[in-house]
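Hello,

Here is the structure I promised to hand over. Please have a look at it first, and then read on for what turned up.

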Amino acid sequence: MSILSSDIYGRESIRRFNVAWIRIFIYFGLIFWAFVCLFPVYWTLTTVFKNAVSVTQGYLIPWIDFPPKMIGLRSLGLSPNTIFEVSTVRDEFLKRFSNSAIVSIGASFIAVLIGSLAAYGLTRFQYKWGFFKNNDISFFFLSQLIIPPVVLALPFLVLYKELALLDTRIGLILLYTLMVLPIVIWIMQDQFSTIPIELEEAAFIDGLSVWGVFLRIVTPLSFPGMVAAFILCFVLSWNEYFFAALLTGADATTLPVMVASQTGSQGISWWSMAALSTAAIAPLALIGIFLESYIVKGLTAGSGK
Amino acid sequence: MSNSSSLNGAQHYKVGIEHISSSRKSAGKGLIIVASLSLAIILLFQILYKSDLIAFGFDSWRAVLYTYLIWAAALAYGQVLVRGELGKRALFLLPALLFTISMVIFPTFFGFFVAFSDWNLSSFEGRQFNGLDNIRTLWNDVYYWNALMNTVYYLLMVVVEFVIAFGLAVLLNTEIKARKFFRVAFLMPFMLSPVAVSWMLGKSLMEYRFGPAATLARYLGWETPAFFSTPWTAKISMEVMDGWMFIPFMMILILAGLQAIPKDILEAAKIDGASSWQTFLKIIFPIMIPVSITVLMLRIIFKFKLADIVINVTSGGPGGATDTVTSYIYRVYRERSNVGYGTMLAEVYLILIIIFMLTFLSLVNRLRKKVK
C-alpha cells in the first residue's frame, strides 16, 4: 500500500518537474521573441542620444555606457535649446509630418465612410446588376487586394500629370483610399453581420427609412468596428512609401519619403537618422501600445470563421 | 477571399411593389441622360482640344474629373428617382463601386495602352506606339526573370514565417502571465513603417562595422559579418527583415483561430488520454487548416508587394540578388524614366499573380472537397 502511494507520488513529482520545464521553455521563447521585437526599437531610440564615439563603440545603455546627448533632437531642431529658434530642418520635418497625417487621416476617413456603406449594403440587401450578385461584388472588392501597387503606379503617374494631381495630397488620398478600401469592406461586412437583424426590423416598423436605420441604429452599434478599421487604414497609409515616392516631388511628400531620401545620402549622421526614424515610427508605436486591441480586432475580422 | 460568402449575415426582405409616378421616373431618367451627355460632350471636346483639332478647351483634364463627379452624383440621385426604395438601397453600394471601378479598372486598361508604347515622360516626343518591342525586350531581360525567381524564393520563405508565427501563437495561447505585454511587444514590428525599418535594421543594426547584430555575429565567430555583400547572405538578411515585420501579422490571425477552438473538444481529448502532442496533431492542426489557408493567402498577397525595404536597403543589389519585381521596375523607371516598358513589366507581373492566385484557390478548393 505504502509502496503504491509513493509510486504515485513519484509520478506526480515527475509530472510537475516536466510541467515546470515546459513553463520555463515557454517563458524563454516568449522573452526571446519579445527581445527580438523590441531591441531594434530600443536601439533606435537610444541612438538618438548617441554621439559618434558612442555609436562606433556600440554602447547600449544610456547613463551607464554613455552620457546621453541631445544631438539627435538638435539635428531636427527639436532639442530644448533649439526649439524656439528658427530651423529649416524642423520646418521641413513638420511639413512632411503634417502631410503624412493629413493624407493618412483623409484616406482612412473616406475609406471607412464609403467602405462601411458598401459593406452594409452587401450584408443586408440583395443586389443584382446583370450577372453580378452580392458575392461577386464582394469578391470584386476583395480581389483589389492582390493588385500590386506597381501595376497602378505608372499609369497613375501619367494620369495624374494630365489631371494636375501629381504632387498633391488629394492625389495621394485617393490612391490610399483605394488601397485600404477592400480591407474596410472586409472588416465591416464581418461587423454588420453580427448585428441582430431584429433590431433593424423593429426600427423599420417604427418608421425609419433604410438610411435612418443605418445612421441611427447600425452606426452606433458598429462604431468599435469602424474605429478598428480606421486605425488599420491609418497604419497602412502612414507607412506607405511606394506611391508617395513616385507621385510626389516637393509639396506633398510624406514622412517615409523624407526618411528614405536621408537614408540614401551617405554622410548623414546616425543620430539624426535615428531621430527621423523615431519620429516616423512614434505615432504608430503609440497606437500599437494603447490601441492594440482595436488593431487585433481589425486584423482578425472574418478570419476566425 | 473564397470564403467571403460565409461572412453574409441575415438579409432584409426584398422590396415589394412600390408605386413611383411616371413623371418622377422620367425626371430621373432625364437627369441621368443629361448628365451622361454632358460628360460625353466635355470628354469629346477635351480630346479634340488635346489633339489640336479645336482651339478652345481646358488646360488640364481636371475639368473632366469634375464633370465625372457631377455625373456620379446625378447618377446616384437619378437612381433614387427612378427606382425609389431600391434606388436608396443601391446608394449604399454606388460610391464604393464607382470609386473602385474608376480608380482600378480604368487605370489598368489605360496601363495596357501605355504598355505597348515607348513613352519617356521627360522628353517632348510623348507617347510612341512601338508594338511588341517591349515584350521582346522583356523576354530577353535577364534582370526581370531574376527578379521573378527571387520572388519565388521569397514566397517559399512564407512557409518558414508561418511555422515561426504558429509556434509563437501557440506559446501566447498558453496560460501565461503578462500576456498583454507580450501581445503588444509581438505586434510592434507590424506597426512600423518599412522605410524606418530599413534604416533601423538594414542600415544600422546590421551595419557591418558598428551594428549590434554584426558585433554579435563576430562574437559568435563570423569574422566578416557583411549581411548584404554576397548574394545569399543578402537574400537571407532581406527575408529576415521582411519576416520580422510580418510574422506578427500572421501570429495575430493564427492566435485568433486558436482561441476560437471550443474548450470542450480539448478537454474531451484530455479525458480520453491524448498526449499534448497527439492533441496538437490530431485535433488542433486539422481545425486550424482553414485559418491557416487564409493567413497564408493574405501573407502571399503582401509578399507579392514586397519592395520598400529592398529599395531602401540594397536597391536590389548585390547584382540583383535581392531584387523583387516591384523594386526592379522602380529602378528601371528611375533610371530611364520610361513609363512604357515599366508598365509592360508590371502588367505581366499582374497577369502572373492572377494566374498564381487562381491556381492556389482551385488547389485549396480541391483540398477542401477531398477533406469533406
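This is a predicted model: local features need pLDDT of at least 70, side-chain atom pairs count only at pLDDT 80 or more; totals for chains, interfaces and linings use all residues.

Residues are numbered from 1 along each chain as its sequence is written, while chains are lettered from A and ligands numbered from 1 in the order in which they are written.

Let me start with chain A. It has 14 helices and two strands (DSSP runs, H or I of at least four residues for helices and E of at least two for strands, numbered from the N terminus). Its radius of gyration, taken over C-alpha atoms, is 26 Å, well over the 19 Å from the globule rule for 305 residues, so chain A is more spread out than a compact globule. That rule is 2.2 Å times the number of residues to the power 0.38. Along the principal axes, the C-alpha atoms of chain A fill a box of roughly 85 × 70 × 35 Å. Of the 305 residues in chain A, 46% are buried, meaning that 20 or more other C-beta atoms, placed from the backbone, lie within 10 Å of the residue's own.

Chain A is assigned domain 1 (2-73) and domain 2 (88-300); such bounds come from an automatic or database domain assignment. The centres of these two domains of chain A, over C-alpha atoms, are 36 Å apart. Ten residues of domain 1 of chain A and eight residues of domain 2 of chain A take part in their contact (C-beta atoms, placed from the backbone, within 7 Å). On the domain 1 side, α1 (2-47) and α3 (71-75) of chain A each give two or more residues, and α1(A) gives the most, with four residues.

Chain B also has an assignment: domain 1 (19-115) and domain 2 (137-371). Their C-alpha centres lie 41 Å apart. Here four residues of domain 1 of chain B are in contact with five residues of domain 2 of chain B.

Finally, how do the chains meet? The contact takes 92 residues from chain A and 85 residues from chain B. The chain A side has 62 nonpolar, 25 polar and five charged residues, where Ala, Val, Leu, Ile, Met, Phe, Trp, Tyr, Cys and Pro count as nonpolar, Asp, Glu, Lys and Arg as charged, and the others, Gly among them, as polar.

Enjoy exploring it!

Best wishes

Conventions:
Two residues are in contact if their C-beta atoms, placed from the backbone, lie within 7 Å. A residue is buried if 20 or more other C-beta atoms lie within 10 Å of its own, exposed if 12 or fewer, and partly exposed in between; C-beta atoms are placed from the backbone.
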